[in-house]
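Here's a quick briefing to read with the structure open beside you. Take it one topic at a time and find each part as you go.

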Amino acid sequence: MIEYWNPLVERMPVDEMEKMQESKLRNLVSYVYKHSDFYKKRFDDAGVKPEDIRTLDDLKKLPFTYKSDLRDTYPTGMFCVPNEQLVRFHVSSGTTGKPTVVGYTHNDVKEWSISLARALTSIGVGRGDVIQVSYGYGLFTGGLGLHYGAEEVGSTVLPTSSGNTEKQLELMQDLNTTVIACTPSYFLFMNEVANQAGVSIQQNTRLRAGIFGAEPWSEEMRVRIEEATGIKAYDVYGTSELSGPLFTECQYQDGIHIWADQFLIEVIDPETGEQLGDGERGELVITTLAKEALPLIRYRIGDITVINKEPCRCGRTHPRIMRVLGRADDMLIVRGINVFPGQVESVLMTIPEVGEHFMIIVDRVNELDAMKVQIEMTDEAFSDKVNDIITLEKKVEASLKNVLNLAVKVELVEKGTIPRSMGKAKKVIDNRKL
Ligand SMILES: [Zn+2]
C-alpha cells in the first residue's frame, strides 16, 4: 500500500495544481514587489510590473535571481519581513567572499517540515522509525532540517550530528536506528569503520534506509552502497537558500519529487537563459511559492538536471527532477571538454576492482590541461603485482576516455590515501586555480 502525508495535495490533478500555482505566483509577485526594495528595483529595471504576471507562461518575463544577489545584499537585504518576525537564521559558508544568510518565519519552518514529512512518508519512514541525523547541526541546514521533518512524521530522532564515528555506530546498534541521514561519503566511511571493528551494518544493525545528499552522487554509487550494506539508499535534494533539504525520491527511486504547491521549477539553457522543454537537460531554476521571509523568484540554483512530468508509479502528480549531475559551478573544463565529477564517479563505480574513494586532480603542464584520477582498489582486488596494477590502470583509463572523450591518467593509490570526509567530500583538486 502506498502512503501519503497529504493525499489530496500529493495526488492533485495537474490542471488543478497549475491553477493553484498561477494564483500563488500572482500573490508572490505582488508580495515581493511590495515588501522588498531589492525585488522592486529588479522588476523596475527589467520593466516588468506585478500585474504583467497572470499565468505560468508569464514566468519567463521575470528576471532571474542569483546566489550573488544574496551575497551583495548581505546579510538580510532581500528579506520581505522585519527581523522580529524571524524565528531562525541559517548561514551557509561562502567559499569566496561573504556567506549567505537565510531567515525563516514560524510559517517558513512549518512549510519546510511539511515538505520533508511528505518526502519521508514517500519512502515509508514514519512512526516507529529511529532516524539518526548525522548531517551537521548548526548554521548548516542539513541537521535541523531533517530533524524537524522526522519529528513531524512521528519518528524518533537521534541527533548525532556528524563526526565521532565509533560512537555513531555504537548508538546505531544500541538504539536500533532504522534510518540514517548523512552525506553518501560519510556513510561509506562509517561502513569502513564498522567493518574494521568487525561490525556488519547488514547483520548487526536494524538500519534499512539512508537519506543521502549534500553532495552529488551517482546511480552506480547507489548500487555499491545498497550491495555493501543491505539498505535502501535514497537521494535527498534542497539547498539552504530554498530552506534546506526538502525533497527526496519516492519508494521507486526514479527521480526526486518537487512539491509543486510550494515550488515552481523550470529548466533553462545556462548560456542564453531561454526556457527548455520537459525532458531537456539544462540548469534548474526554482521559484518559491510558499516562503515568507526570503521568497526567491527564478532562482538560478546552478544544478544541471532534467524535469520529468510523466506520472509516477507512486501516484504523486508532482514533477520529478532526474538525478542531478552536478552544479554548474562544479563543472570542470579540461582541454575545452566539460567534465562533471559525477560522470567520473559513474564510470569508476562500474569497475569492480575500484573502491569508493577517488580524487580528481587537474594541472596545467606546458600550457596544456592534464587531468589525473587517483583511485583506491578494493581489498579483494588488492595485489602487489606491478603487472596487475598497470593492467587495471589501463582498463580504467580506457573506460574514462570512452565516456569523457578525454585522455585521463589513472593512478592507483594505497587504501586510506584519499582523505575521508565527515561531511561534503572534496573530490577535485584544481591546481590551475592556484
Ligand atoms: Zn513517485
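What follows is a short tour of a zinc site, a helix, a sheet and some salt bridges. Keep in mind that this is a predicted model.

**The zinc site**
- Four protein atoms hold the zinc ion: SG of Cys250, NE2 of His257, SG of Cys312 and SG of Cys314, at 2.1 to 2.3 Å from it.
- Seen from the zinc ion, the 4 donor atoms subtend angles of 101 to 116°, so the arrangement is tetrahedral.
- Along the chain, the donors follow the spacing C-x6-H-x54-C-x1-C.
- Cys250 and His257 are both buried.

**Helix H8**
- Helix H8 covers residues 184–196, and at 1.5 Å a residue its 13 residues should span 18 Å; the C-alpha atoms at its ends are 19 Å apart, which agrees.
- H8 is mostly covered, with 11 of its 13 residues buried.
- Among those buried residues are Tyr186, Phe187, Leu188 and Phe189.
- The cover over the buried residues of H8 includes helix H7 (165–174), helix H10 (219–229) and strand S18 (354–365).
- After H8 comes Gly198, which has a positive phi, near 75°.

- S12 (residues 299–305) and S15 run antiparallel and are joined by 2 bridges.
- Look for Asp303, whose bridge partner in S15 is Arg327.

**Salt bridges**
- Across the whole structure, a search finds 29 salt bridges.
- One of them joins the side chains of Asp261 and Arg118, at 2.8 Å from N to O.
- That pair links distant parts of the chain, 143 residues apart: Asp261 is in the loop between S9 and S10, while Arg118 is in helix H5.
- Asp261 and Arg118 are both buried.
- Another salt bridge pairs Glu345 with Lys427, their closest N and O atoms being 3.0 Å apart.
- Glu345 lies in helix H11 and Lys427 in the loop between S20 and S21, so this pair ties together parts that are 82 residues apart in sequence.
- Glu345 counts as buried because its relative accessibility is 2%, and Lys427 is buried too, with a relative accessible area of 16%.
- Lys309 also forms a salt bridge, with Asp278, but Lys309 is partly exposed, with a relative accessible area of 49%.
- Finally, a network of salt bridges links Glu219, Arg222, Asp235, Glu249 and Arg323.

Conventions. Residues numbered from 1 in each chain as written. Predicted model: local features only at pLDDT ≥ 70, side-chain atom pairs only at ≥ 80, totals over all residues. Heavy atoms only, no water. Helix = DSSP H or I, 4+ residues; strand = E, 2+ residues; numbered from the N terminus. Expected span 1.5 Å × (residues − 1). Buried < 20%, exposed > 50% of the residue type's maximum accessible area, 1.4 Å probe, protein only. Contact = heavy atoms within 4.5 Å. Pairing = 2+ DSSP bridges. Donors = N, O, S within 2.8 Å, 3.2 Å for Na, K, Ca; no water. Tetrahedral: all angles 85-135°; square planar, octahedral: opposite > 155°, others 65-115°. Salt bridge = Lys/Arg side-chain N within 4 Å of Asp/Glu carboxyl O.
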